[in-house]
Structures are given as structure tokens and as C-alpha cells.
Amino acid sequence: MAIKTATDATFEDVVLHNDKPVVVDFWAAWCGPCKLVAPEMEKLAAKYEGAIDIVKVDVDANPGLSRAFNIMSIPTIAFFAPGKQPMGVVGFRPAEQLETQFALASYPVIAQSDAAATQSESAPTV
């Protein structure tokens, strides 16, 4: 699963109106610790594919979101679960700490092999 990108214009649709939980990485190109977070986001995107969306927001290109969510330090990693108040952490965290902090394991993970098997089982045979 690819990591999505949100902007001031698309954030509402991509994150706030998403029917799945979303982990948002508020980052900037010049930020050293942000570069350390990127591979951790990739790990989460791969592990929770189909269950949780991973989204990146460049704070320099999207100052409206920085103001709206009071992003004062980066990286800030925020978790948006449908119907719940967002929560966040500032600074680098390994994927495992983010999983614990946001209780990501409580969301169903769709195993790649299970999804492929389900698709092949439901495909009509000729």
C-alpha cells in the first residue's frame, strides 16, 4: 500500500471523512528526524494495509493544517480514528511504539495471503 499525501485542500476528505483510522505524519523536507520517521511509516503502511491509512502532510506546503492542528514541532505523528478525538506524539518513534501509543493492534489486519485467497474463492469459475 502506498502512503497517501494530504494537503490543505484534501485533508478533510483523505483523513477526517475516512471510514478507516488514519495515521498522519506531519513533516518537512528539511527536518532530520522526519527522515527517520519515513521508514517507520512504510512499516505501518505495509503491516496495516487495508485496515489503517497512512498519510503524510508537508507542513511547509500546507500551513493551514499546521495552524488548524497546532503543529508546533515536527515530526508530529497524529492518529485519527473515526468518531474519536485525534491524538498525537511529537518526535521520532519507532513503528512498534506508535502501534502501542495508538493501539493499532486493535484494528483488524488483513493478511495479504488471506485477501488473495478470498478473492480467488469468490471469483466465478468458468
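Val-23 stands opposite Phe-79 in strand β4. Strands here are DSSP E runs of at least two residues and helices are H or I runs of at least four, both numbered from the N terminus. Please keep in mind that this is a predicted model, in which local features need pLDDT of at least 70 and side-chain atom pairs count only at pLDDT 80 or more, while totals for chains, interfaces and linings use all residues. Residues are numbered from 1 along each chain as its sequence is written, and side-chain values use heavy atoms, with hydrogens and water left out.

**The sheet**

- The 5 strands form an open sheet with mixed pairing, in the order β1-β3-β2-β4-β5. Two strands count as paired if DSSP finds at least two bridges between them.
- At the edges are β1 (4–5) and β5 (87–90), each of which pairs on one side only.
- β2 (residues 22–27) and β3 (residues 53–58) run parallel, paired over 6 bridges. Within this pair, Val-22 stands opposite Asp-53, and Asp-25 has Lys-56 as its bridge partner.
- With β4, strand β2 pairs in the antiparallel sense, through 5 bridges.
- Of the 6 residues of β2, 5 are buried. Buried means under 20% relative accessible area, exposed means over 50%, and partly exposed lies in between (1.4 Å probe, protein chains only).

**The nonpolar cores**

- A nonpolar core is a set of buried Ala, Val, Leu, Ile, Met, Phe, Trp, Tyr and Cys residues joined through side-chain atoms within 4.5 Å.
- The largest core has 19 residues, and those touching the most other members are Val-23, Met-41, Leu-44, Ile-52, Ile-54, Ile-77 and Leu-104.
- At least two residues of this core come from each of α2 (32–47), β4 (76–80) and α4 (95–102). Helix α2 gives the most, with 4 residues.
- Another core, of 17 residues, lies apart from this one and includes Phe-11, Val-22, Ala-28 and Val-55.

- Val-23 is in contact (heavy atoms within 4.5 Å) with Met-41, Ile-52, Asp-53, Ile-54, Val-55, Ile-77, Ala-78, Phe-79 and Leu-104, leaving out residues up to four places away in sequence.
- Ile-77 lies in strand β4. Ile-77 counts as buried because its relative accessible area is 1%.
- Leaving out residues up to four places away in sequence, Ile-77 touches Val-23, Val-24, Asp-25, Val-37, Met-41, Met-87, Gly-88, Val-89, Leu-98 and Phe-102.
- Ile-77 and Val-37 are 40 residues apart along the chain, and their C-alpha atoms are separated by 9.0 Å.

**Helix α4 on the sheet**

- α4 packs on the sheet, where it touches β4 and β5, and its direction makes about 150 degrees with that of β5. Such angles run from 0 to 180 degrees between N-to-C directions, with axes as lines fitted to C-alpha atoms, for helices over the stretch in contact.
- The buried residues of α4 are Ala-95, Leu-98, Glu-99 and Phe-102. They lie on the same side of α4, because they cover an arc of only 105 degrees around the axis. The arc is that of the directions from the helix axis to the C-beta atoms.
- An α-helix has 3.6 residues a turn, so residues three or four places apart point the same way.
- Those buried residues pack against α2, β4 and β5.

**Backbone details worth a look**

- Just after α4, Ala-103 takes a positive phi of about 55 degrees. Ala-103 sits in the loop between α4 and α5 (112–122) and counts as partly exposed because its relative accessibility is 41%.
- Asn-70 also has a positive phi, near 55 degrees, in a residue other than glycine. Its place is the loop between α3 and β4, and it counts as exposed because its relative accessibility is 55%.
- Ile-74 and Pro-75 are joined by a cis peptide bond, with omega about 0 degrees. Pro-75 is in the loop between α3 (63–68) and β4.
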